[in-house]
Amino acid sequence: MTAPAAAPATTRRLRGFTGAGYDKGRGLLVQAAWFAVLNLVFVKWWCPPRLRPVLLRAFGARVGARVLIRHRVRVQWPWKLTVGDDVWVGEGAWLINLEPISIGHDVCVSQGAVLCTGSHQRRSPTFEFDNGPVRLEPGAWVAARAVVLRGVTVGADAVVGAGAVAHRDVPPGTVHTTGGDR
């Protein structure tokens, strides 16, 4: 009988994490105020959809006309969000915008989709940030439970299919699914 293999040694030392290069963009009081509004009003089912763009604008987002944002949508930092006209954001979508997220006009972000601008340097012993903006060009569609990762642009009229992960740019007019690009 052989002894179980030892766990591989790691050089990761999270205690040394500095967060270098990440600017939240607002002071602690504004962050706390947004956190309260987000969790006490914005995500609630009873919050009228027409109020959500108003709340985002109040915290510095640039939001176009006729934008529909359903309940349970989470936005990390409104002041790093730009949304064009005639955009739909479905229930439970999560906009993790440590860096800017730009959503063009006539874009649909479906239920449970995630737009994530944050990541970490996997080779950094202290796991430092490796963030980048996300851009959805006009007419794009991020389908249900799809994920768009940091630094990615989804081109005009392109689709990120349900459950797919876009880890690199999706060219205009193409479809990226769990089975690859079409």
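Select helix α1 (residues 28-42) together with α2 (51-58), β2 (68-69) and β3 (74-75), against which the buried residues of α1 pack; helices (H or I, at least four residues) and strands (E, at least two) are DSSP runs, numbered from the N terminus. This is a predicted model, in which local features need pLDDT of at least 70 and side-chain atom pairs count only at pLDDT 80 or more, while totals for chains, interfaces and linings use all residues. Residues are numbered from 1 along each chain as its sequence is written, and side-chain values use heavy atoms, with hydrogens and water left out.

Within α1, show Gln-31, Trp-34, Leu-38 and Phe-42, which are buried (under 20% relative accessible area, with exposed meaning over 50% and partly exposed in between, for a 1.4 Å probe and protein chains only). These four cover an arc of only 75° around the axis, taken from the directions to the C-beta atoms, and therefore lie on the same side of α1. On the face turned away from that buried side, select the exposed residues Leu-28, Leu-29 and Leu-40.

Finally, select His-167 in the loop between β15 (165-166) and β16 (175-177). Leaving aside neighbours within four places in sequence, His-167 is in contact (heavy atoms within 4.5 Å) with Leu-149 and Val-152.
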